[in-house]
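This report goes through a few local details of one protein model. Please keep the sequence and the 3D view open while reading.

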Amino acid sequence: MKASNWFLLIIAAVLTLATLVVFPLDQGILANKAVVLGLDLQGGLYIVYEADLSGVDPGERSNVMDGVAGVISNRINPLGVTEPLIERHGDNQVAVQLPGTNITEAQKERLGRIALLEFREQITDAEGNTIWIPATGTINGEEKVLTSSYFKGNTYVGYNESGNAYYLNFEWNDEGAQLSEQITGRLIGKQLGIFEGDDPLLGDEGQHIAPVVNSVITTSGQITGLRPQDALQLSSQLNAGRLPVPLTIIYEETVSPTLGSDFVRLAVLAGLIGLAMVFFFMSVYYRIPGIVASIALVYYSILTLAIFKLFGVTLTLAAIGGFVVSVGMAVDANVLIFERMKEELLTKRTLRASLEAGFSRAWAAIWDSNLTTVIACIILYWVGNSIAGGEQVKGFALTLAIGVVASMFTAIIVTRSLLRLTVGTGIGRHPGLFSPIGGKNV
C-alpha cells in the first residue's frame, strides 16, 4: 500500500475516533466525557483565598499550602458541589471554583475558617459581670486551653430513638482527655460554653450551646442541641481537618446560571457564523484548495474538541476565544501554502510539483509563527497561574496552544493528503481551479 493511502487511513481513523469522543457533547460515545464549561458559561462561584504565612517557617510554607488546599477540598464535599476545582496560586493563595452552584456567605467564610471549637467557662469580673473565659488545664506544668484540636478525627452525628434530637459525638486524644478531666472535674453543676472562634456555637433555636457538666468527662463526650444540618456540617468540618493558617477572601466572582446559558448560546452562534464566513471566503477565493481547507477546518474543529474533552479542558469565554484564534492560525497556514502554490504554478511547474513545493517551502514560515505563538501561550499560562482571577488568562493560553498544535497537523498532514487525492482525479487536469482568483497564466 502506498504511503499516501496509509496517511488517508490514519486520517480517517483519527476523525472517526474524535467524532465518537465529541458527540454527543454531553457525554460522548467514547470516553464518556462531557464538555466542561467554566463558571462564566454555566454559572457558579470563583473564590481566591490568601493565607497568612507570617508565622510559618519559609521551608514549610509549601507543605502548609498543600494542606490548606486539601482541607478546603474536604470541606467542599459536604456542600454537594460537583467537580469543584481547587488550585494553588503563587506562594500563598488557593483558588476555588464551584461550578453550577451558589453558596451562602456563611459557607464561603466557613470554607476558610480555622475551625476550632473552644470550650469556655464563666466567671464574674471585678464589676460583677458574668463573662466567658477559655477553659484551661495544666499538662506538664504548662497551661493549655481546651479546644477541638484535641479531638480525634472520628466525630459523627447521632440522634435519639425518636429522631428529633441530634448530637455530635467526639473523642479526645490523650492530652485532651487530661484537660477535659481537670476542667469538667471542677465545673460539675456549672456550664461549659462552646465557641467557634469568638462566636458562640448556636443550637437549633438560636441558643448558645453551653451544657451543664453533670460528671467528669475523660475520653469522649457529646454536643447536644444542634440542628441536623449544623451537626452534619460541623462534624464533616472537624473531620476534614483544621487549617494551620488563617485565610482571607481576596477575590470573588459570581455568575448566575441564566447568564451563563446565554453566553453559551451566543458563543456557539458566533463560532458558527465565523466558520461559515471563513469557509465562504476560502472556497470562493482559493477554489479547490479553499474547499479542501474548509473540510480540513471541520476536521480540525472536531479533533480539537475531542482533545478538550479527553483532557478535561475547561471552556470559558476566554478559552473559546483562544480556540477561535487558533482557527485563524489554521487558515493562515493554508493561505501561506496556497499562495506559495500559486507562485510555483506561475513558473510553469506541474500541478503536483507545485503542490509539493508549496507545502515544503511554506513549512519554515508556518513553523516559526506557530512556535512563537506556543511560547507566548506558555508565558500567558504562567502569568495566569500567578495572579488572582487568572483563570481566564490560563484558559485562553491553553486552548490557543492546543489549537495551534492541532492546526499544524491539519494544515500539513490533512490538507496535504486531501489535495494529493484531489490532484489525482479528473479535477487535476484543470490547474486554474487550484489558483486563487486573479491568478495569471496558470
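Asn169 touches Thr155, Tyr156, Val157, Gly158, Gly221 and Gln222, when residues up to four places away in sequence are not counted; contact means heavy atoms within 4.5 Å. The model is a predicted one, in which local features need pLDDT of at least 70 and side-chain atom pairs count only at pLDDT 80 or more, while totals for chains, interfaces and linings use all residues. Residues are numbered from 1 along each chain as its sequence is written, and side-chain values use heavy atoms, with hydrogens and water left out.

Asn169 belongs to strand E10 (residues 166-171). Strands (E, at least two residues) and helices (H or I, at least four) are DSSP runs, numbered from the N terminus. The side chain of Asn169 also makes a polar contact with the side chain of Gln222, at 3.1 Å. A polar contact is a pair of N or O atoms within 3.5 Å; within protein, one must be able to donate a hydrogen and the other to accept it, and residues adjacent in sequence count only if both atoms are side-chain atoms.

Ser407 sits in helix H11 (residues 391-423). Apart from neighbours within four places in sequence, Ser407 is in contact with Tyr300, Ser326, Ala330 and Asn370.

Next comes a sheet. Four strands form an open sheet in the order E6-E5-E11-E12, with antiparallel pairing. Strand E6 (130-134) and strand E12 (199-200) stand at the edges with a single partner strand each, so one side of each has no neighbour in the sheet. Two strands pair if DSSP finds at least two bridges between them. Strand E11 (residues 192-196) is joined to E12 by two bridges, and Phe195 has Pro200 in E12 as its bridge partner.

The last topic is the lining of the largest pocket. Its largest share, ten residues, comes from H7. By class, this lining has 23 nonpolar, four polar and no charged residues. Ala, Val, Leu, Ile, Met, Phe, Trp, Tyr, Cys and Pro count as nonpolar, Asp, Glu, Lys and Arg as charged, and the others, Gly among them, as polar.
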